[in-house]
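Here is a short briefing for a first look at this structure. Keep the sequence and the 3D view open as you read.

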Amino acid sequence: NSQLESSSEATIAYSDTLDMYVDGGNTTSLNLEVTTSLPDESLELRQQLVNESPYLSDTVMKSAAAMEDVLTNAMLRDVMVANPQSAKSPDVIQKINQRETTMPDYMMEEIEEGAGISGGKDILVNKLAKNKKKRNKVLNGLLLHYMSDTVNISASKDSIIMLLQNRQYPEPRYQLAMLYLNAGDSVNTFNTLDNIEYELELTDEEVFAHNLFADFAEIQWQLKSDTVVGDSIQIATLLNIAENTNTAAGIYSRNILVAMEEMEYQEPHYFPIILKTKPIFGYNGDSNKQQASFLKIFPNPANNYFTAETKIDRVFEQAQLSLVNLEGKEIKSFDLQKKRNQIIITTESIISGTYLLKLIVNGKLLDSKKVIILK
């Protein structure tokens, strides 16, 4: 019992920490901010998402990827790199690949590096999973011990009920409800299910799963109390519940339907998911058609920011971007580490006017572009 309590306490602690950190503690609110953001709020949104990193949920990341008119590829890349766990989500990667302006290959490579990195959210999720596994293992061991006691069956049953009843998370309560249901005790079956809603704090996902289980239990009780085979309405309801294969009710419903020969089921086989395919000659097509272009600026004219895209065609020891005014005075400079990159340059401290952005590699000017700032 001490092992069960310690692993349960650790599970609660990690779960509470995740709830506090993920999306700043409120996924619904942050997701709404992302989906309702306007183009002139792009810098603020990017910074807000970076500030909540590396604890952004896939829900928020998918919404961010869909807001192409607000978050440019470079901005989205910055947020994705700050949240390496997102690279492990096929749904997030799919959203990125659906953007009208294709994410450049070199940016996708930066993003996909996250698949091999354990970020802050990954670490917490893994620790939570390990403690849940330990907790469930200890609980199942105790249940097996009590069920194996044939000397005092009544006392063993009471111990099982007490053990399941004292767990402060839904799954053991569902086990208890099924124990009562199989014993023909409808009062305790449905009281146990009702108490889950009142005694436990359920997430939206858990509320959905709970409602499914309540519907399942009602049909199961009807089938248990009736000698007639399930009618078409009951079977249709079970089929709908069985579609939710990640819930206890979905699994129970599927098993009943298989037993009733109303459904065929084969265990799925999972194969590695190919995240993306890459063109042979880079992201712009045939390499023979490429024009030498070392520096691009967009949008131009710019308002509160512009993006500088660099494509250096040589090995370098030192490279930088230098923003100068028409008098040649340097306003801002940025050291470059990669041959290809997109850098967001803010203009909050720069007055309206015409400037020159220089790309300097190994001490020599490689390219320069005029940029107009209008506020």
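Phe216 counts as buried because its relative accessibility is 1%, under the 20% cut-off. Phe213 also counts as buried, at 0% relative accessibility. The model is predicted.

**Aromatic pairs**

- A search of the whole structure finds five aromatic pairs.
- Phe213 and Phe216 form an edge-to-face pair, with 5.8 Å centre to centre and 70° between the planes.
- These two residues are three apart in helix H12, so about one helical turn separates them.
- Phe216 also pairs with Tyr252, and this pair is stacked: 5.6 Å centre to centre, 10° between the planes.
- Phe216 lies in helix H12 and Tyr252 in helix H14, so their pair ties together parts that are 36 residues apart in sequence.
- Tyr252 is partly exposed, at 29% relative accessible area.
- Tyr174, Phe213, Phe216 and Tyr252 form one aromatic cluster.

**A charge over a ring**

- Arg135 lies over the face of Tyr169.
- The distance from Arg135 to the ring centre is 3.4 Å.

**Helix H13**

- Helix H13 spans residues 232–242, and its buried residues are Gln234, Ile235, Leu238, Ile241 and Ala242.
- Those residues cover an arc of only 120° around the axis, which means they sit on the same side of H13.
- On the other side of H13, Ser232 and Ile233 are exposed.
- What do the buried residues of H13 pack against? They pack against helix H12 (204–225) and helix H14 (248–259).
- At the start of H13, a side-chain oxygen of Asp231 comes to within 3.1 Å of the backbone nitrogen of Ile233.

**Nonpolar cores**

- In soluble globular proteins, nonpolar side chains tend to be buried together.
- The largest nonpolar core has 29 residues, of which Leu49, Leu76, Met80, Ile96 and Ile111 touch the most other members.
- Two or more residues of this core come from each of helix H2 (27–35), helix H3 (42–51), helix H4 (58–66), helix H5 (73–82), helix H6 (90–97) and helix H7 (105–112).
- H5 gives the largest share of this core, five residues.
- Another core, of 22 residues, lies apart from it; Ile297, Ala319, Ile343 and Leu366 are among its members.
- Leaving out residues up to four places away in sequence, Ile111 touches Arg77, Met80, Val81, Ala87, Ile93, Ile96 and Met103.

Key:
Residues numbered from 1 in each chain as written. Predicted model: local features only at pLDDT ≥ 70, side-chain atom pairs only at ≥ 80, totals over all residues. Heavy atoms only, no water. Core = buried A, V, L, I, M, F, W, Y, C linked by side-chain atoms within 4.5 Å. Buried < 20%, exposed > 50% of the residue type's maximum accessible area, 1.4 Å probe, protein only. Helix = DSSP H or I, 4+ residues; strand = E, 2+ residues; numbered from the N terminus. Contact = heavy atoms within 4.5 Å. Arc of directions from axis to C-beta. Polar contact = N/O pair within 3.5 Å; in protein donor to acceptor, adjacent residues only side chain to side chain. Phe/Tyr/Trp six-rings, centres within 6.5 Å; stacked < 30°, edge-to-face > 60°. Lys NZ or Arg CZ within 6 Å of the ring centre and 35° of its normal.
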